[in-house]
Amino acid sequence: MKEHLKNTFLGRWINNDLSKEEELSFRESPEYETLKKIAEVSQKLKTPNYEKTKVFSNLQNKKNTRTKIRSIRSHWIYKVAAIAIILFGVFHLLKPSQTEFTTKIGEQLTFVLPDSTKVTLNSNSSLIFSANNWEENKVVTLDGEAFFSVTHGALFSVKTNTATIKVLGTQFNVTSHGTYFETQCYQGKVKVTASKARDIILSKGKAYRMEGAVGNHLDIVDKNPSWLTGESTFKNVPLEYVLSALKNQFGITLTYSKENYKTARFTGSFIHNDLDTSLQMVFSAMEIDYIKQGNTIILK
């Protein structure tokens, strides 16, 4: 806990017992404005008027001991209630809020981070970060795929379930689906940190892919990810990942034996605005026959 949030410090502040040095330091602290607002609200809370002579007279006229105890307790209940309200306010004002952006099947979404970095989420993806605690915790958590166009001088990290990417001023793409992970750098540099691998620095035109515990370096020639312009492109990726991308884009159900296709890999693309054409682009290239039954695709 920060020094300014300790009970002894807050008690002395409320009672105006701080030294000039402590008062000056406290006013310059990030939590001063929040606690000042809470103190101002608490001063408006009122307890019932307490007239000592009248209460004493009433107590003497009451022979029932339980009534006396109840009257005395009621005075403390108001104090406890006031303290509880203040503590509740402190908890919610100091608690970092979480901002989450999500996309549905076949949807893309563009937004900006607190440092003006532009982010575009691909379909069926989510990104979470702490909005009012950004300066202390510059981390975003990604599930799915996103393209980052980083504002000049911005520094933050992208956390996935496989690795963490540290921004070094750049434009880059991140894909994280299950045990499949890939980062592509289109401008500047990024640093990739995986749990069982050394830190990897990627510069423009370089990519790093992880399939489970196996990592590989790749080269890229495109200026931006193709999915930003309505086409998903793949280079020697597991077929299962391509099938997942089809489901995220079109919301279809795919029925097939994973055992038959667990080693199959795909190089090619599919478009986002026509399901039938996309199915042909993927499965014709793989020489896989399929049957389409409504929203269900059965691979033979």
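Two strands are said to pair if DSSP finds at least two bridges between them. By that criterion, E5 and E7 pair in the antiparallel sense in this predicted model, over six bridges. The chain has 300 residues, of which 34% are buried, and its secondary structure consists of eight helices and 16 strands. Among contacts in the chain with a separation of 6 or more, 46% are between residues 24 or more positions apart.

**Strand pairing around E5**

- Strand E5 spans residues 139-149 and strand E7 spans residues 163-177. Within this pair, Phe147 has Asn173 of E7 as its bridge partner.
- E3 also pairs with E5 in the antiparallel sense, through four bridges. Here Val119 is set opposite Phe148 of E5.
- E4 and E5 run antiparallel and are joined by four bridges. Ile128 lies opposite Thr141 of E5.
- E6, residues 157-159, runs parallel to E5, and three bridges join these strands. Ser157 of E6 is the residue opposite Val139.

**Strands E8 and E9**

- Four bridges connect E8 and E9, which pair in the antiparallel sense. In E9, Leu202 stands opposite Val190.
- In a regular strand, side chains alternate between the two faces of the sheet.

**Nonpolar cores**

- The largest nonpolar core comprises 29 residues, and those touching the most other members are Leu113, Leu127, Val140, Phe148, Phe156 and Phe172.
- At least two residues of this core come from each of strands E3 (118-121), E4 (126-130), E5, E7, E8, E9 (200-203) and E10.
- Another core, of 23 residues, lies apart from the largest one; Val242, Leu254, Ala264 and Leu275 are among its members.
- When residues up to four places away in sequence are not counted, Phe156 touches Leu113, Asp115, Thr117, Trp134, Lys138, Val140, Phe148, Val150, Ile165, Lys166 and Val167. Of these neighbours, Leu113, Val140 and Phe148 are also listed with Phe156 among the core residues that touch the most other members.

**The second largest pocket**

- The second largest pocket holds about 580 Å³ of space. It is lined by 33 residues, and the closest to its centre are Glu182, Gln184, Ser226, Thr233 and Phe234.
- Strands E7, E8 (180-194), E10 (206-211), E11 (214-219) and E12 (231-238), together with helix H6 (239-250), each contribute at least two lining residues.
- E12 provides the largest share of the lining, with six residues.
- By residue class, the lining has 13 nonpolar, 13 polar and seven charged residues.

**Met281 in helix H8**

- Met281 belongs to helix H8, which covers residues 275-283.
- The relative accessible area of Met281 is 29%; the residue is therefore partly exposed, as this class lies between the limits of under 20% for buried and over 50% for exposed.
- Apart from neighbours within four places in sequence, Met281 is in contact with Phe266, Ser269, Phe270 and Ile271.
- Met281 and Phe270 are eleven residues apart along the chain, and their C-alpha atoms are separated by 5.9 Å.

Methods:
Residues are numbered from 1 along each chain as its sequence is written. This is a predicted model: local features need pLDDT of at least 70, side-chain atom pairs count only at pLDDT 80 or more; totals for chains, interfaces and linings use all residues. Side-chain values use heavy atoms; hydrogens and water are left out. On a 1 Å grid over the protein atoms alone, a cavity is a set of points where a 1.4 Å probe fits but cannot get out, and a pocket is an open set with protein on both sides within 12 Å along at least five of seven lines; lining residues have an atom within 4 Å of a point. Grid points are joined across faces, edges and corners, and a volume is the space filled by probe spheres set on the points. Ala, Val, Leu, Ile, Met, Phe, Trp, Tyr, Cys and Pro count as nonpolar, Asp, Glu, Lys and Arg as charged, and the others, Gly among them, as polar. A nonpolar core is a set of buried Ala, Val, Leu, Ile, Met, Phe, Trp, Tyr and Cys residues joined through side-chain atoms within 4.5 Å. Buried means under 20% relative accessible area, exposed over 50%, partly exposed in between (1.4 Å probe, protein chains only). Contact means heavy atoms within 4.5 Å.
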